[in-house]
Amino acid sequence: MSWTQVCYRYDGTYSGFLSCVFHSYVDREEPVEFRTPEDMCVSLYPLRTVETDEDHAKRVYRSFAKFGREGQRLAVRCFLTSLPERELWLWRFLRLGYDLGPKIGLALTDPTVDKVRKAVQHLEHEAHQYTGFVRFSELDGALVGEIQPKDRVLPLLRPHFCSRYPQERFVLHDRTHGEALFHRPGPQGWAILPVEDFRMGPAGAEELAYRTLWRTFYDTIAIEGRRNPKCRMTNMPKHYWAMMTEFQKDWDTALL
Amino acid sequence: MELLEKLDILADAAKYDAACTSSGLDRSGRPGTIGSTTMAGCCHSFSADGRCISLLKVLQTNVCVYDCQYCVNRRSNDVPRAAFTPEELCELTMGFYRRNYIEGLFLSSAVLRSPDYTTELMIRTLRILREKYRFGGYIHAKAIPGADPLLTRRLGLLADRMSVNIELPSSSSLSLLAPDKKKGSILAPMAQIRDGIQESKRELAVCRHAPRFAPAGQSTQMIVGATPESDRRILSLTQALYDRYHLKRVFYSAYMPVSSSPLLPVPGSFQPPLLREHRLYQADWLLRYYHFRAEEILDEDQPDLDPRLDPKCCWALRHLDFFPVEVNHADYEVLLRVPGLGVRSARRILTARRAGPLTFEGLKRLGVVLKRAQYFLTCSGRMMQGLKVSEDGLLRHLVSLEAPALAQPVPEQLSLFDSAV
């Protein structure tokens, strides 16, 4: 028997989405649209509002172990991507996963798996790029950095930066998604929290000196006879440049 | 002298060193220290020449007693000279590292007074970094040929990767252009580092707290295009270095005219052989990841790499009897020989075909570059549909895919007075 087609409205969180998955299996409903409360569109399908339930979410989350390691990774990370209609794709992926079990990790040519895999690959690639391209500024003893990613990379960047700077207090702000990673020394000394109206303070003399040193190094290290702007843009697309010290002038940042 | 000025001089002097990667070692940070390294390495920026910046690449000093003809820092060259004190270099490195500008330090040096003195200076710098600042990031140190083996060993215990530059692809070129350096004095520290790494690995297997000697391996680099060696010779040298010295990487650096020595190409008209360098790197990848041998890539009749096509395509065109390869049965090593199939896509094919037979549509999804691979593959015994290219047209077709300008004959300016000249 085919499942009833419905539109789900949930609060936009990962737990909320997992609760939707729980409901769809309990009520035998197939979601064809996912909406968050901010969406003003009217749907043609019957609307179900799903309350987030942590216990239901945890049950669904634990069930991902059935997909094998590769499948589990895709199921967990797909929600962080900027794939259009990612909830729908992820729901299709999960449904396929419950059918195939660990074999979902092998079904690379399936259109749904392919879509999810490419989106997750984009996320992981962007996170890897940002491990290098993040620039911190020292403001009153704490390190402050800003990024403008397409996908939600902060959860992926968190282990890297917390392991790298265990003795530092730092903040990494994600402009696109309005959240920030906070870290202070000590075990479990981190949190990813939503923030509004984030602004960096003015840079001190030492910070400005280091920026100048870095720009000098950056300009000097290039070999004039091998100039290759296209190669640079392939490796480091221009949308990263806005947040990078080497392309900024101090009047951009110092007088904020 | 101000720090800014020193950095300018000493980064400028170090920029021709190509071996600047931060890979080969996974070490996570520990409480009380600062820094970590990752296996794949990490690029922190790309300079205007498109090369990756991952380490703070500087010389300890550019004051040199040697007079190598191809080198910017040679004694006879009139350039500003400077030297970092160990303390200020450490402070600079930490300042950059905390701001995530760099992955670590690349420390090389010109030879100040003697190789021993220079190495001691470098050791002092690295000791301050590791012991005072408890720095756990990546350190790449250049071994100075001619230094005492005990000093080289101490340097290797502080660094993650070591390298000795082989400089030029043959000993005759070396004696011509770098009269102060001998082949033996370059290979001796290389062998010492190799033995040190192997011994350290054996000790670590017994006791995990044993000191680590250059845990990320060693690399080298050579200059291409300053001397007349063929690509075949360079590749066999590379292969010998991988086989005998267990190097992680061999870097090639297209010769940049930095000197007006009569022994070298003239700066005015000389173009750095960037395409040749690119082809050499492609061949180098074939040696390291694709199970190729240098003798297969180039033979006596063909001493140089074809600038029009990548080495793997060239090999495939010379061995058409090897193809087509059946995607659904071929081994990993065989798949790797197909142009357009890389390490990643070959692995994906192995995974995906466990779930069911592969089609061309499926291959496209896996990320296989079909525009090259289609001529060399069958899926369940069938070639790609609608594919009509004769064997002799294949070369032209493949070349035009990569670089349309190279496939045509070189355009010529017509002249009315040809016969008159």
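Me: Which residue in β4(B) does Val58(B) stand opposite?
Reply: Leu107(B). This is a predicted model, where local features need pLDDT of at least 70, side-chain atom pairs count only at pLDDT 80 or more, and totals for chains, interfaces and linings use all residues. Residues are numbered from 1 along each chain as its sequence is written, with chains lettered from A and ligands numbered from 1 in the order in which they are written.

Me: What makes β3(B) and β4(B) a parallel pair?
Reply: Two strands (DSSP E runs of at least two residues, numbered from the N terminus) pair if DSSP finds at least two bridges between them. β3(B) and β4(B), residues 104–108, have five bridges in the parallel sense, so they count as paired.

Me: Why do β3 and β8 of chain B stand at the edges?
Reply: The open sheet runs β3-β4-β5-β6-β7-β8 (chain B). β3 (55–59) and β8 (249–254) each have a single partner strand, so one side of each lacks a neighbour in the sheet.

Me: How do you know that the buried residues of α4(B) line one face?
Reply: In this helix (a DSSP run of H or I, at least four residues), residues 149–158, the buried ones are Thr152(B), Leu155(B), Gly156(B) and Leu158(B). Buried means 20 or more other C-beta atoms within 10 Å of the residue's own, with C-beta atoms placed from the backbone. Down the axis, they fall within an arc of 160 degrees, so they line one face. The arc is taken from the directions from helix axis to C-beta atoms.

Conventions. A residue is buried if 20 or more other C-beta atoms lie within 10 Å of its own, exposed if 12 or fewer, and partly exposed in between; C-beta atoms are placed from the backbone.
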